[in-house]
Each structure stands twice: as structure tokens, then as C-alpha cells.
Amino acid sequence: MILSCSNIDKTFTDNHVIKNASFHIEDYEKAAIVGINGAGKSTLLKIIVGELPADTGLVTFAKDKSFGYLAQHQAVDSENTLFDELLTVKQEVLDLESAMRQCELDMKNADGSALELLLKKYTNLTHRFEDINGYAYKSEITGILKGLGFGEDEFDKKVATLSGGQKTRIALGKLLLQKPDLIMLDEPTNHLDLNSIAWLETYLLNYKGAVIIVSHDRYFLDRIATKIIELDNGVVSSFKGNYSDYALQKEHLRTEQMNAYLNQQREIKHQEAVIDKLRQFNREKSIRRAESREKMLDKIERLEKPVEVNADMKLKLTPHQTSGNDVIQIQELSKSFGQNKLFSHVSFELKRGEHVAIIGDNGTGKTTLLKIINELIPADTGEIKLGANVEIGYYDQEHHVLHMDKTLFEEISDDYPYLTNTQIRNTLAAFLFTGEDVFKKISALSGGERGRVSLAKLMLSEANFLILDEPTNHLDITSKEILESALNAYEGTVLYVSHDRYFINKTASRILELTHQEFVNYIGNYDYYLEKREILTPVSVLEAAAAEEVSTQKLDWKQQKETQAQARKKENDLKKCEARIEELEQKSASLDTEMAKPENATNSAKLQELSKEKETVCNELEELYEKWEALSE
């Protein structure tokens, strides 16, 4: 066991956030903490790492175990380049490398016992250098930077010039390089695109340590988690398995709790009816029996009624009128910002009732496309045609459609003046804003609260074509499920940008991937996209776009044979690489033995020759390690 939390309790004023929580984390376990926004997930992590004191309880780490913690927002302020900032984690490697070089220089001018001491020191240094993978530290840093979505052309950028999200990615990279025994991550996928999230999943799955994650990314949790720690109304419960396993167990548990509650209520009502009847008899014995039953009834521990899943926020999307069958046609659309070309000659169309997700790496132009459709920015070339009776409802991830200086009440009443005060209050109450909340300024709301106001306006718009930009950002899992249900029941057309793969899987019937400045079309949900992308990976983007238009049968025997041939070649290359690595590692060990021999220790020329040969071997090994890593991806 690497971590034990016993009877943790925390209250902020009158908010009892964590109630007597106890759980533990085993070595190599991958655990996720889940709960609605405000449940206390981040608070629990801060208590574990010592940033917040618990009111009562004890946090215990196993002896000699290290941990690393990544908060949601990281203030990484540095004048270092991206590469140099990650290099600060490798200070021991750099110090050893420097000491080895100095030792080599000193050995040139030493003899006798001094040379023997230097040789012993050099051997110890090289052993430690190899133990901490010193020969591959540069490729390790490069791999992590690329995995987190930074191109090699960005490695020389100053950290101080990065956005907040990019700085958080750098902080994550530094933490991964440190390789603590326990990694704790608070919403690590918030600032990553789909490829980077997939890379992080693979990294954490293979990580030789324990992991605790706070995340609303259900697809991510399904891939990573082996244990779910739920925070529900201050109470902590542990479930074995991933998120889907937890959701199933939770549903069964909720059903059992509801049945137990209903059975108890029936029994209470039955006993109350019997007591009333006994009293009506108005005889000494019957009254004594009634009093006896009352005492028994008073001793019953009353069960609380389980809270209904998704019983809070009410979202129903209903179009005011039906649009024509052709909702939107986009022809030859192009957009660049200066020398940065986002996309060119983009053409596609949407039919009534389609639910289409746009995916792609950060910075490829997904949000820009939505803004062009909504006439917030102009296209460089191309044409957009809306069909008959199309009414657009737009959800903006930055919530620019909201007015920061207005109250919630004013935000709704100004846009929908025909609504009565009661209707406005009822609408806001459906999105969890009650009482004096309706007079809060938009500027004072959290990201999740602004998201709920935007969803309220979207519902009131009664549009038949919804355009959504990252609609699940800042929403907790329960709110995401409510939105999923509302979209699946929606009879209009939906076009949205999202990084939430679980959400895409649940709501998309078609996917447009923006890659290499072009769109590739996939008729299906996210799982279908993954399956087809894997098949199409060897071919170019243009071939992929053409192949998607052809029936699945066209991806036939020849395609499979080519893919199998490539796989066999890769496997052979991997075996050759491993054989050469083994050969060179034996050579390295042999050189160490030669350098340790007394006759060589007194022979400066021989020692330099062996040292030079050792360096050549190590350099080739470093290249091979990098090649092996790429081949085994």
C-alpha cells in the first residue's frame, strides 16, 4: 500500500465537503476520483498532498515513497525554453554527465593510485548514469514534449510566452519526467487534444507507479482506471473497475437503496396504520400494544430517500419549426491567419437530423470554422448556404454570447422579453439557479455556471440547427449525461466541436476530422472512427477521404495484405534493433571489465582508447534506444 487516508473530514463554513472519508491506494494502482462539480474532489487531493489541512483524519504515505501533484492551473513562469524547462528535472543526469567528462579529462594526466581512484569513480558514475537512463534523457524529453502536443519547431519557445493551458502541459511534462511512485493529476486532459490524450493514456497505462486522477473525461477513465473513488454529498465510496463498471455498480446500488427506502416506507405506513387501529379499539391491552409498536417504530433508523440520478438540471431541446432537408452547404471554404493556413477548399453538407462532430488537433481551425458559419469572422474564400427555415442556436466555449455586465435575470429577460418573471425564474431554476442567484452578475460565475446559462439560452432559442463549441467543457459528469440525453432526443440538426470522446460516442452519427488542412469524413461514432482510422493510417489523407466514400467492402484483401506486410516488417526491424542493443550492451559491459583491469589502469593511452570506444558504443546505444521506442509504439 502506497497511500492510506483514514477518517478525513473537512468543512468550509457551513459546507461539510468531506465526511469521515477513508480509502487506500495500492502500489501500481490506477484510481480515479469522481463526483459532481463542487463535490470536493480537488479539495481531497490538496489535503492528500498537504496543501490544505483536514479538520480531522490522517493521511499516511508508505515509507521512502515519492509523489507528484499537478493542479488544474499551473503558474509555470520561466525564461527557459520548453526543452530547457523540462531539462531542469534531469539535473542529476546533467551533473553526472559533467562529472564523467571531468573524470575523463583528469584520467589523461593521472597514473598509479590516483588513476586507479579516478577509474573507480568513473565506473561508479557511469553505472549510476546508466541506472537513471542517462544516455536517453534527450530523447525522453523530446518524446514527452511531442506526446503533449508540442512540435519540434516549438522547443525553443520561451515558457513565459505560452498560454495558461500550454504552461499546464509543461508542468505535466515535468511531473512525468520526475517519475514519482505516486502521480496525482487534477483534470489532466483539459488542455490536451485527442492525440495528446491518447498518448497520455498509453503513458499512464504503462507507468510503473500508482496514479490518482480527478477527471470528467469518462472515455479516459474507462481506459485508465482500475478503481473509482466516488465523492457523493461528502461521503466517499470505492468501486473496483473502470468508469463503466462503476456506473453499472452505482446503478445497481441506487436501485437497491431505492427499494430498501420504499420497503421501509411501506413498513412504516403499515405500522402506523396498525397503531391507529389499535388505538381505535380503545382497550387497555390494545393501547399498550399500540404504545409498544410506537416505541419500536421510534427506534427504526430512517433511511434517506436516494437522490435521483440527473434529477437536478432540466434540459429539453425542441425546435420551434422544422427546417428543410438541406440544412447547410459549404463549398470551397478556406481560411488563413497570415502565413498560418488552417484549411482550404473545404466542402461538405449537412442534412436535417444529422448529429455531426468535428474533431482534430488543437489549432487546426475547428472553432474558426464554427465562427465563420455564425458570421463572427469572414472566410478567405468559399460559400456557405443555409437551407429553408434554418434557425441557428450557437453555444460558444468562451461564452462570448453572454454579457459579463448583466445579471442572470437580465441575460434571459433582455434576449427573451416575452417571458414573464415567473417563466424566467423557472427556466433558471431548471439550470440550478434559485433565489438570489438570479441577480448574480455573469462575470461572477464559474466556468461551469456560465456553461449552464448558455445551455439555458440554447434551450430557449428553440433553434432547429445547433452549433456547439466544446459544450462539455466545465460540465461535471452528471451534467454531461443530461446534455447527451437532450441531444439524442433532439429532432433538429447538430454540428459541434468536442474533445470529449465519450460524449462524441454517445451523440455523433458522423465525424469530420480536420487534419492536414482538409476534412476526412467518417459515417459513425467515435469507436467507428478509431476502427476506420486504424485501417486507413498507411494511406494519405486524400486517399482516406476517397476511401470513406466507398463502401466498407472496398477496404478489401489487398489493403489487409499491405497492412500485414508493414506490420511484419516493423516486427523484424524491432527484433534486429533488440539484437543489436543486446550486442552493444554486452560490449559495454566488456569494456567496463577491461577498463577495471590493473594493467589497463596504469596505461593511460590504453585507458583513453577504451574510454573512446565506450563512448562510441553508448552513443550508438542511445540512438538504438530511441529507434526501439519508436518501433514499439
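This is a predicted model: local features need pLDDT of at least 70, side-chain atom pairs count only at pLDDT 80 or more; totals for chains, interfaces and linings use all residues.
Trainee: What are the dimensions of the box that the C-alpha atoms fill, and how many helices and strands does the chain have?

Mentor: Taken along the principal axes, the box is roughly 115 × 75 × 55 Å. The secondary structure consists of 21 helices and 18 strands. Of the contacts between residues at least 6 apart in sequence, 69% join residues at least 24 apart.

Trainee: How should I read the nonpolar core, and which residues touch the most other members?

Mentor: The general idea is that nonpolar side chains in soluble globular proteins tend to be buried together. Here the largest nonpolar core has 117 residues, and L145, L176, L204, F431, L466 and I511 touch the most other members. A second, separate core comprises 27 residues, L3, L44, I48 and L182 among them.

Trainee: Which residues are in contact with L204, leaving aside its neighbours within four places in sequence?

Mentor: L204 is in contact with K30, L176, L185, V211, I213, F220 and I224. Two of these names, V211 and I213, return when we turn to strand β7, where they lie on one side of the strand.

Trainee: Why is strand β7 described as largely enclosed by the rest of the structure?

Mentor: Strand β7 spans residues 210-214, and five of its five residues are buried, so the rest of the structure largely encloses it. Both faces are covered: A210, I212 and V214 are buried on one side, as are V211 and I213 on the other.

Trainee: Which strands do bridges join to β7?

Mentor: Strand β3, residues 30-34, runs parallel to β7 and is joined to it by four bridges. Within this pairing, K30 has V211 as its bridge partner. Strand β6, residues 182-186, is also parallel to β7, with five bridges between them. There, I183 stands opposite V211.

Trainee: Where is I504 found, and is it buried or exposed?

Mentor: I504 belongs to helix α16, residues 501-507. Its relative accessibility is 0%, so I504 counts as buried.

Trainee: Which residues does I504 touch, not counting those up to four places away in sequence?

Mentor: I504 touches A357, I359, Y496, S498, I511, N525 and Y526. One of these, I511, was named above for the largest nonpolar core. As for G524, 20 residues from I504 along the chain, the two C-alpha atoms are separated by 10.0 Å.

Notes. Residues are numbered from 1 along each chain as its sequence is written. Side-chain values use heavy atoms; hydrogens and water are left out. Helices (H or I, at least four residues) and strands (E, at least two) are DSSP runs, numbered from the N terminus. Contact means heavy atoms within 4.5 Å. A nonpolar core is a set of buried Ala, Val, Leu, Ile, Met, Phe, Trp, Tyr and Cys residues joined through side-chain atoms within 4.5 Å. Buried means under 20% relative accessible area, exposed over 50%, partly exposed in between (1.4 Å probe, protein chains only). Two strands pair if DSSP finds at least two bridges between them.
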